Amino acid sequence: MGVDTTFVLVPGAGGAAWYWHRVVDELERRGWKAIAVDLPAADESAGLAEYTDVVVEAIGDRRPIVLVAQSFGGFTAPLACERVPVELLILVNAMVPRPGETGDEWWTATGWKDEVGEVDMDAAFFHDVPADVKAAALAEEPPQSWTPFEEPWPLASWPDVPTRFVQGRDDRFFPLDFQSRVAHERLGIEIDEVPGGHLVALSRPVELVDELERLARQVSL
């Protein structure tokens, strides 16, 4: 693991780099380089290709790269792995697409609608987020175009890059058992558990960075 390693952090729906600010601070405090990406979530003309362009531009010529993707970021980050060298891809409470599947189809195809169904969104997302951080998150909350959810995931297979799956054991939106099954069925891997809910980067940044570091050290960077 080299001192030049950069963690590039891809947010989920809403596309706000701010989501990662507590993780960025913690990574940098420990001596890592970290970049959180702002996706063009409010742009109705922007789809997966445009999201990928932004991630690739953020990576630039930095090497080595640990690419981390939260939630819907799981649709974008693998596409970037096809365009630039990435030493490790870490999915965090993420959606895992299959070839040709849209983000809109994912909910039924994975069985989420049957297993989870209706949820209280406020409780599902913020039940373990500190009150001050929640207030700031709601103030920062950007709109999300549905355009990238309507596009088929374009890869024929998952990219040939080491992939790990980190899941918050307290996630009420994508529950642990559900994610464990999806990761096994779609990627053939087991999940690594951390404490925290769906917005784990806001609720438990220290524990999440502990796990990101542990996984990064397993790969020769």
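This is a short tour of the structure, one selection at a time.

**Before you start**

The model is predicted, and local features need pLDDT of at least 70, side-chain atom pairs count only at pLDDT 80 or more, while totals for chains, interfaces and linings use all residues. Residues are numbered from 1 along each chain as its sequence is written, and side-chain values use heavy atoms, with hydrogens and water left out.

**The whole protein**

Show everything as a cartoon. The C-alpha atoms fill a box of roughly 45 × 40 × 35 Å along the principal axes.

Of the 221 residues, 56% count as buried. Here buried means under 20% relative accessible area, exposed over 50%, and partly exposed in between (1.4 Å probe, protein chains only).

**Stop one: strand β3**

Select residues 65-70. Is this strand enclosed or open?

β1 runs parallel to β3 and is joined to it by five bridges; look for Val8 opposite Leu67. Strand β4 (residues 88-92) also runs parallel to β3, again with five bridges, and there Leu91 is the bridge partner of Ala69.

**Stop two: Thr6**

Thr6 sits in strand β1 (residues 6-10). Thr6 has a relative accessible area of 2%, so this residue is buried. Which residues touch Thr6? Not counting those up to four places away in sequence, they are Lys33, Ala34, Ile35, Arg62, Pro64, Ile65 and Val66, where contact means heavy atoms within 4.5 Å.

One of those partners, Pro64, deserves a click of its own. Pro64 is in the loop between α2 and β3, and the peptide bond from Arg63 to Pro64 is cis, with omega near -10°.

**Stop three: Ser71 and helix α3**

Move on to Ser71, in the loop between β3 and α3. Ser71 has a positive phi of about 50° although it is not a glycine, and at 9% relative accessibility it counts as buried.

Then select residues 73-81. Nine of the nine residues of helix α3 are buried, so this helix is largely enclosed by the rest of the structure. What covers them? The cover includes β1, α2 (48-59), β3, β4 and α4 (103-109).

**Stop four: Asn93**

In the loop between β4 and α4 you will find Asn93. Asn93 is not a glycine, yet has a positive phi of about 45°. Its relative accessibility is 0%, so Asn93 counts as buried.

**Last stop: Asp122**

Finish at Asp122, in helix α6 (residues 121-126). Asp122 is partly exposed, with a relative accessible area of 39%. Leaving aside neighbours within four places in sequence, Asp122 is in contact with His127 and Lys134. Draw a distance from Asp122 to Lys134: their C-alpha atoms are separated by 10.0 Å, with the residues twelve apart along the chain.

Key: Helices (H or I, at least four residues) and strands (E, at least two) are DSSP runs, numbered from the N terminus. Two strands pair if DSSP finds at least two bridges between them.
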